[in-house]
Protein chains: 2
Amino acid sequence: MPPTDFTFKPIGTVRHRSAEVPRHWSVSEVEGELVINADLVDGLKDIQAGQRIIVLFHFHKSPPFGPGLLTQKPPRRKSKKGVFSICSPVRPNPLGMSVVEVIEVRANVIRVKGLDMLDETPILDIKPYIESSGGR
Amino acid sequence: MPPTDFTFKPIGTVRHRSAEVPRHWSVSEVEGELVINADLVDGLKDIQAGQRIIVLFHFHKSPPFGPGLLTQKPPRRKSKKGVFSICSPVRPNPLGMSVVEVIEVRANVIRVKGLDMLDETPILDIKPYIESSGGR
């Protein structure tokens, strides 16, 4: 039997002071900080200003998911779309992914631009942003 | 107190018959299937052939993470890099992210190209692939 669930612990927390955040990182200018747990600081050593990074996070304010939410009407759309084709925070697993730009790294704090997460969002992973090769 | 851990359940499983997979999706031509749980099929309705999609998954074969793995030497590199700047499957949270191309969708099975996951990898989420605006 394959495992039926997986448990993850936050590696840090998103902090910012914007009262509102855009619906998507691709249109966000919001600045703030990724405050990473101090015991993980060695893992940040190659993150540099000017880079883009991928942030995986937990949609910590999402209501529980149910079958009625498999299709949802996104804001500014006229019809419902399948949940796996939209960026809704209400999903079978409340996992979020954003691409943000690094402004500065100081010890365990990464200052970034382009946030679309709520303040206090738990961060689960940071990955390098790698452009998809257009050729495939 | 913020929550200290989060539990996710797989939404499906990666299936393919390749004995080996490339280290990264950006160089992969491997074809296979994302077999999504049948009860979630309505969520797939807008996924179409030719699209790219983001797949979040669980690195189910990774050994446990420890502080000694905060920096790792990637294959073909000479020096160690911080874990958050590389794509290693051995990470504080064993979460993977790949971009694959949809070949065909039949009911709850998405045939794709560009896999870099092992056969039987548990899938946690599928998201639309949105190109980062170069202007930010």
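Student: Which residue of E1(B) is the bridge partner of A:Thr7?

Tutor: This is a predicted model, and in it strand E1 (residues 6–8) of chain A is joined to E1(B) by three bridges, the two strands running antiparallel. Within that pairing, the partner that A:Thr7 finds in E1(B) is B:Thr7.

Student: Which residue of chain B comes closest to the rotation axis?

Tutor: Chain B can be laid on chain A by a turn of 180° with a shift of 0.0 Å along the axis, and the RMSD is then 0.0 Å. The two copies are therefore related as by a two-fold rotation axis. Taking C-alpha positions, the residue of chain B that comes closest to this axis, at 2.2 Å, is B:Thr7.

Student: What percentage of the contact residues of chain B recur in chain A?

Tutor: Counting residues as in contact when their C-beta atoms, placed from the backbone, lie within 7 Å, 48 residues of chain B are in contact with 48 residues of chain A. The same surface serves both copies, and the share of the contact residues of chain B that recur in chain A is 100%.

Student: Which element gives the most residues to the side of chain B that touches chain A?

Tutor: The elements of chain B that give two or more residues to this side are strands E1 (6–8), E4 (52–58), E6 (81–82), E7 (95–106) and E9 (122–128). The residues of this side divide into 23 nonpolar, 12 polar and 13 charged. The element that gives the most to the side of chain B touching chain A, with six residues, is E9(B).

Notes:
Residues numbered from 1 in each chain as written. Chains lettered and ligands numbered in written order. Predicted model: local features only at pLDDT ≥ 70, side-chain atom pairs only at ≥ 80, totals over all residues. Contact = placed C-beta atoms within 7 Å. Helix = DSSP H or I, 4+ residues; strand = E, 2+ residues; numbered from the N terminus. Nonpolar A, V, L, I, M, F, W, Y, C, P; charged D, E, K, R; others polar. Pairing = 2+ DSSP bridges. Least-squares fit on C-alpha atoms with pLDDT ≥ 70 in both.
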